[in-house]
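I set out below what I looked up in this structure, in the order in which I went through it.

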Amino acid sequence: MQLTINGESRDVDVDPDTPLLWVIREELGLTGTKYGCGIAQCGACTVLVDGYPTRSCQTPAESVTGAEIKTIETVEETETGRRVVEAWVANQVPQCGYCQSGQVLAATALLTETPNPTDEDIEYAMVNLCRCGTYNKIRAAVRDASEA
Ligand code: FES
Ligand code: FES
């Protein structure tokens, strides 16, 4: 099947119900997307599908043929993604780092849709789990990256 990942059309030979996460990591070698829970709870596997944060561990590959899929590897190609990464660095958000690609993509999706989010918008959008408890720094970085 054909998948459009990071602006490139990729031909992958997998079962239709293979989780998108495994296509990205195992078939395409894009290992910035992480496996956490595998049951759509933690958000470590977040990618953007047509701009929406999507849990790739529970997304069958066949369901996203024809969609634009974006992973952490190219997040800085957009102005918003670049601002988010800069804010993450400035605020020294990551601790172990495992959840952070998903967090950055969730923040990028939020700020693309809502450049000046309220605290409630941030609470609503930033729901990925972080076992290191970096939530306060995540919120600070999202505010820094907003246009306000
Ligand atoms: S690994 Fe997909 S949500 Fe946890
Ligand atoms: S930085 Fe370690 S899980 Fe989030």
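I began with a term: buried area is the accessible area (1.4 Å probe) that two parts lose on being put together, summed over both. I worked on a predicted model, in which local features need pLDDT of at least 70, side-chain atom pairs count only at pLDDT 80 or more, and totals for chains, interfaces and linings use all residues. Residues are numbered from 1 along each chain as its sequence is written, chains are lettered from A and ligands numbered from 1 in the order in which they are written, and side-chain values use heavy atoms, without hydrogens and water.

Entry on the domains. I found domain 1 (2-73) and domain 2 (75-147) in the assignment for the protein chain, whose bounds come from an automatic or database domain assignment. Their centres, taken over C-alpha atoms, are 20 Å apart.

Entry on the interface. I noted that domain 1 and domain 2 bury about 1,200 Å² between them, with 60% of it on carbon and sulfur atoms. On the side of domain 1, Thr46, Lys70 and Ile72 lose the most area to domain 2, together 36% of what that side buries.

Entry on the strands. I saw β3 (residues 46-49) run antiparallel to β4 (residues 52-55), with 4 bridges joining them; strands are DSSP runs (E, at least two residues), numbered from the N terminus, and two of them pair if DSSP finds at least two bridges between them. Val49 stands opposite Tyr52 in β4. The two strands form a hairpin with 2 residues between them, and Asp50 in the turn has a positive phi of about 50 degrees.
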